[in-house]
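Here is a short briefing to read alongside the model. Please keep the viewer open and follow each group of points in turn.

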Amino acid sequence: MKTVIVGSGPAGVYSAIMLARNSKVTLIDESEKLGGTCILYGCMPSKAMLHATHIIYSARSLGKELNFTQDEIIKLAKDTVNRLSKGVEYTLSSYDVEVIHGKAELSDGTIKVGNQSIDSNGIIVATGTVKPQVENTIASDDIPYLSQKISSAVIIGGGAGGVEYGDLLSEWGVDLSIVERGPTLLPNSDPDLSNAVTTTFKKKGVKLYLNKNVKKIEKGIVILDDETKITGDVVIFSFGRKPNVAGFEALSRGGPIKVDKTMYTGMGKIYAAGDVTGTYTAHEAIHEGIVASLNLLGIEKEFVSDFVPKVIYAKPEIATIGRMSGNSVKVNYAELGRAIAEKNTSGFLKLFYDGGRINGAVIYGEHAEDIANLISLIISQNLSMQAVFDNVFAHPSYMEILWEALGRALGYFRGK
Ligand SMILES: Cc1cc2nc3c(=O)[nH]c(=O)nc-3n(C[C@H](O)[C@H](O)[C@H](O)COP(=O)(O)OP(=O)(O)OC[C@H]3O[C@@H](n4cnc5c(N)ncnc54)[C@H](O)[C@@H]3O)c2cc1C
């Protein structure tokens with residue numbers, strides 16, 4: 001069997017690893033460096049930079065002031081990109097995946113790179129997204145590669161991207177403004193979360209322009225509908241990524257590539273996975289790539305999207321999981337021993353449940369991602385709240401905030 005994958009982001013790489021068990025695999029990427037948006041521009045360089053700013057935040061909570069220069073922060077990002085991109089090269093070669101650098105396109109059901117046609121028994125399209133191209137702005141992808149020194153910035157959009165990068169820039173000391181059309185940051189989230197995050201950003205000294213629309217963007221100047229002018233060394237457009245379907249128009253009609261639960265496009269032996277199908281996290285991309293590969297190998301598998309944790313790596317951390325409906329119980333981090341000991345008392349866990357089962361949760365605080373991962377497992381395995389409460393949680397752990405919430409929901413503990 002011979003298969004072809006287009007894209008070396010998380011979807012493409014995990015597709016290649018799974019297919020390599022039973023197929024000769026060729027992976028094509030137009031970029032010189034492997035790793036896709038996640039490694040080269042997104043998840044990974046941002047986490048390297050955020051690690052430094054989280055240390056600044058934690059030191060401040062203990063009464064110490066720490067600083068990193070812009071050059072130091074950007075070097076952390078670039079070192080991470082280089083190491084992880086090399087890691088992808090090594091991994092693919094260890095699975096005997098042939099890598100071709102070039103722009104691929106779909107022509108009559110076959111993948112072509114320049115004049116070369118690549119015959120195969122199956123194709124996975126994992127071409128990701130393209131960043132927003134708005135005049136006089138940069139995208140969050142550009143921040144790990146900033147050569148210009150910045151002391152002020154304007155972010156347009158207070159959604160997940162605006163909040164994560166807003167947290168990063170404000171902690172590294174940039175004088176920051178955020179413009180958001182809605183009444184709060186994260187306007188489409190649970191109201192307790194949106195309000196708490198908005199309050200935190202105000203306390204961090206970020207200037208928020210809420211309920212505001214942008215009329216015009218000039219170089220370093222954002223003009224709002226009410227003629228307010230906001231200036232910054234850079235203007236960052238934090239939303240508006242588009243599926244990268246250039247060369248694959250036959251599969252998309254402009255929007256994301258439509259797939260069924262097996263990631264099948266409905267055409268020939270062509271599957272698609274990752275951001276190009278309209279999901280926008282690396283972990284969905286990974287699992288979609290795995291599902292597409294298994295189906296190409298003849299092993300039936302569906303992608304289940306009901307329990308995907310969504311995380312924003314700010315300080316405090318933000319995570320959501322499952323459905324925010326049903327009964328709810330809220331526990332504040334200020335009630336948790338470990339959080340008090342480490343002065344991480346900001347935030348809360350809000351647990352939604354019905355009929356003895358967890359529906360979902362909003363977590364705003366330390367280790368939110370880990371708690372969301374655990375809740376994802378609890379929901380996907382259909383564990384009862386009682387069974388989870390009966391499980392012994394380490395003390396003093398941040399995870400105990402979930403145990404405390406379960407104890408209250410089950411009527412054993414009183415809320416404080
Ligand atoms: C700033 C930022 C931060 C992020 N942080 C996180 C995070 O913390 N957690 C998270 O889960 N997600 C995060 N994401 C999203 C994450 O990066 C994406 O969900 C993920 O990269 C999608 O993987 P993918 O494999 O679908 O596509 P991509 O990673 O975009 O890879 C697509 C690849 O296809 C190649 N390609 C495209 N077209 C062609 C063609 N015609 N021929 C050959 N090659 C082609 C591209 O060069 C690219 O390498 C972030 C994104 C950004 C922008």
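In what order do the strands of the open sheet of six strands come? The order is β3-β2-β1-β7-β19-β18, and the pairing is mixed. This is a predicted model, in which local features need pLDDT of at least 70, side-chain atom pairs count only at pLDDT 80 or more, and totals for chains, interfaces and linings use all residues. Residues are numbered from 1 along each chain as its sequence is written. Helices (H or I, at least four residues) and strands (E, at least two) are DSSP runs, numbered from the N terminus.

**The six-stranded sheet**

- The edges are held by β3 (98–101) and β18 (264–267), each with a single partner strand, so one side of each has no neighbour in the sheet.
- From one strand to the next, the twist averages 20°; angles run from 0 to 180 degrees between N-to-C directions, and axes are lines fitted to C-alpha atoms, for helices over the stretch in contact.
- Strands count as paired if DSSP finds at least two bridges between them.
- Strand β1 (residues 2–6) pairs with β7 in the parallel sense over four bridges, and V4 has I123 of β7 as its bridge partner.
- On to strand β19 (residues 270–272): β7 pairs with β19 in the parallel sense over three bridges, with V125 opposite A272.
- β18 and β19, by contrast, pair in the antiparallel sense over two bridges, and Y264 has Y271 of β19 as its bridge partner.
- α7 packs on this sheet and touches β1, β7, β18 and β19, its direction making about 170° with that of β7; contact here means that the C-beta atoms of two residues, placed from the backbone, lie within 7 Å.
- Strand β7 (residues 122–125) is covered on both faces, with G122 and I124 buried on one side and I123 and V125 buried on the other.
- A residue is buried if 20 or more other C-beta atoms lie within 10 Å of its own, exposed if 12 or fewer, and partly exposed in between, with C-beta atoms placed from the backbone.

**The five-stranded sheet**

- Another open sheet has five strands in the order β9-β16-β10-β11-β12, with parallel pairing.
- Its edge strands are β9 (138–139) and β12 (207–209), each with a single partner strand, so one side of each is left without a neighbour in the sheet.
- Strand β10 (residues 152–156) runs parallel to strand β16 (residues 234–237), and four bridges join them; A153 stands opposite V234.
- α5 packs on the sheet, where it touches β10, β11 (175–179) and β16, and its direction makes about 165° with that of β11.

**Helices**

- Helix α3 (residues 43–61) has 19 residues and should span 27 Å, and its end C-alpha atoms, 26 Å apart, agree with that; the expected span is 1.5 Å times one less than the number of residues.
- Buried residues of α3 include C43, M44, A48 and L50, and the elements that cover the buried residues include α2 (36–40), α4 (70–94), α5 (160–171) and α7 (282–296).
- After α3 comes G63, with a positive phi near 85°.
- The axes of helix α1 (residues 10–19) and α7 come within 7 Å and cross at roughly 35°.

- Strand β20 (residues 310–312) and β21 form a hairpin with five residues between them, pairing in the antiparallel sense over three bridges.
- Within this pair, I312 has I318 of β21 as its bridge partner.
- Strand β21 (residues 318–322) is largely enclosed by the rest of the structure, because five of its five residues are buried.
- β21 also pairs with strand β24 (residues 357–364) in the antiparallel sense over five bridges, with G322 opposite G360.

**Backbone features to check**

- K315 and P316 are joined by a cis peptide bond with omega about -10°, and P316 lies in the loop between β20 and β21.
- The peptide bond from H395 to P396 is also cis, with omega near 0°; P396 lies in the loop between α10 (385–390) and α11 (400–409).
- M263 is not a glycine, yet its phi is positive at about 75°; M263 is buried, with 31 other C-beta atoms within 10 Å.
- H367, likewise a residue other than glycine, has a positive phi near 60° and lies in the loop between β24 and α9 (368–380).
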